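Please keep the sequence and the 3D view at hand while reading.

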Amino acid sequence: MKTPFLPDDKNFHWKSGELFCEGVPLSAIAQKFGTPVYVYSYNSLKEAFLAYKDALRPYPHLMCYAMKANSNIAIINLLSKLGAGFDIVSGGELHRVIAAKADPHKVIFSGVGKTEEEIKFALESEIKCFNIESEPEVDRIVKVAQELDVIAPVSVRVNPNVDAKTHPYISTGLKQNKFGIAYQDAVKIYKKISEHPELKIIGIDCHIGSQITDIAPFLDSCDRLLDIVEELKKLGIELHHIDFGGGLGIRYQEDETVHHASELVEALHKKLQERELGYLEMIFEAGRSIVGNSGALITEVQFVKYGEEKNFCIVDTAMNDMIRPTLYHAWMQIVPLKLAPERKEEIFDIVGPICETGDFLGKDRELSPEQGDLLAILSAGAYGMTMSSHYNTRIKPPEILVNGSEFFVIREREKIEKLYSSEVLLNFD
Ligand code: LLP
């Protein structure tokens, strides 16, 4: 039996055949808190964040964490202490920034459907800027800024029409996507914005997709954006920052290769320098590459079931806790917490208890599971808990953060009553 691949093999590691997160055996966490349970390595996310931050240090920059990837307030708070700003896409996320005692002045607000209420809350919180995604959004921000008698800092999210060659559901920078201002309309909209005294233009922004493991699409969209920056300059519109969108993709599988954040930062800065625009503040809205490999979802094998055509390893976590495999056919590494080389491996689908055929965590995996075994679904730190639901009236798992040999509960397991406590019984005959 080959020792299974670990996407972050520094902060997760094998010790005498047991899987550890930093200095803690994951089985100890499962024993103490039960399963399913999300576990995060603090040092993994810190190293991932600092990989960008250190590369950006020589240049004007703001490293904004895209909190949709994982919005636990403990994680927001720890990242803010490392110097992070935040990319938000809802008023709810801004509430989390504030609850986490992070600085709203370092918040950028993306998203195609910002409501008046959300814009008002963001202006009152004095966020860094709105990434404008449509012409009617300009009018809405003007209206709210007028009502509050403030000036709204704005950037335009341009859709650069660059193919990031990622899964169609997570590609965002193509003509057919709902995001951003069409490339050919960008200058026109900047002109319109510049006519409004309630708005202050500060930047330009794009986002072409997620889980992009190649640097080339980032460079292509940078070129496209810099053409606009130069055109605006000629019109007397000076920008202060350029926002390259999300971060790099991460390693889920052994045969994937990824770039270090510094390669991306250096390549992009070179592009700025070539056009004498090195003074522009560089912004990233990275989510997955900060938290993705820092997380594991631990689950217990409930039953091993041999079917006519397939074998099933039925576990106590499900698509409601981790939807990525079924939603995007995303492949996530699944390993036992204790290696059992003496057992014979067979091919299994790892499935949850939910009444849907789509309720799977992994398909056709070589495993030797026995009832009561513990498994880890790896690279589960990004778009795991934040995309979870209560489907089938299942409570959400707790979240535990490991730092060295210590671990901390950063979210408790939900109580079942919470799931229906806001529902109402009717008094019909
Ligand atoms: N900024 C904007 C405007 C975004 O839409 C996103 C992700 C990000 C930043 C962060 O991108 P990242 O650095 O994480 O690649 N749920 C999917 C991923 C959806 C990404 C949507 N936007 C998944 O689990 O693969």
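## Terms and basis

A residue counts as buried when its relative accessible area is under 20%, as exposed when that area is over 50%, and as partly exposed in between, using a 1.4 Å probe and protein chains only. The model is predicted, so local features need pLDDT of at least 70 and side-chain atom pairs count only at pLDDT 80 or more, while totals for chains, interfaces and linings use all residues. Numbering starts from 1 along each chain as its sequence is written, and side-chain values use heavy atoms, with hydrogens and water left out.

## Pro398

Pro398 has a relative accessible area of 3% and is therefore buried. The loop that holds Pro398 runs between β19 (374–378) and β20 (399–403). Helices (H or I, at least four residues) and strands (E, at least two) are DSSP runs, numbered from the N terminus.

Leaving aside residues up to four places away in sequence, Pro398 touches Pro36, Val37, Tyr38, Arg411, Glu412 and Arg413. Contact here means heavy atoms within 4.5 Å. Between Pro398 and Leu268 there are 39 Å in space, C-alpha to C-alpha, and they are 130 residues apart in sequence.

Ile119 belongs to helix α5 (residues 116–124). Ile119 is buried, at a relative accessible area of 0%. Beyond the residues up to four places away in sequence, Ile119 touches Lys114, Phe130, Arg140, Ile141 and Val144.

In helix α7 (residues 186–194), the residues Ala186, Val187, Ile189, Tyr190, Lys192 and Ile193 are buried. These buried residues of α7 pack against β8 (129–132), α6 (135–148), β9 (152–159), β10 (181–182), β11 (199–205) and α8 (216–234).

## Ligand surroundings

The ligand is surrounded by 19 residues, and the closest are Ser210, Glu285, Arg324, Tyr328 and Tyr383. A residue counts as near a molecule or strand if one of its heavy atoms lies within 4 Å of it.

Which atom of the ligand is 2.5 Å from an N or O atom in the side chain of Glu285? It is a nitrogen atom of the ligand. A nitrogen atom of the ligand is also 2.8 Å from an N or O atom in the side chain of Tyr328. Arg288 has a polar side-chain atom 2.8 Å from an oxygen atom of the ligand.

Note on methods:
A polar contact is a pair of N or O atoms within 3.5 Å; within protein, one must be able to donate a hydrogen and the other to accept it, and residues adjacent in sequence count only if both atoms are side-chain atoms.
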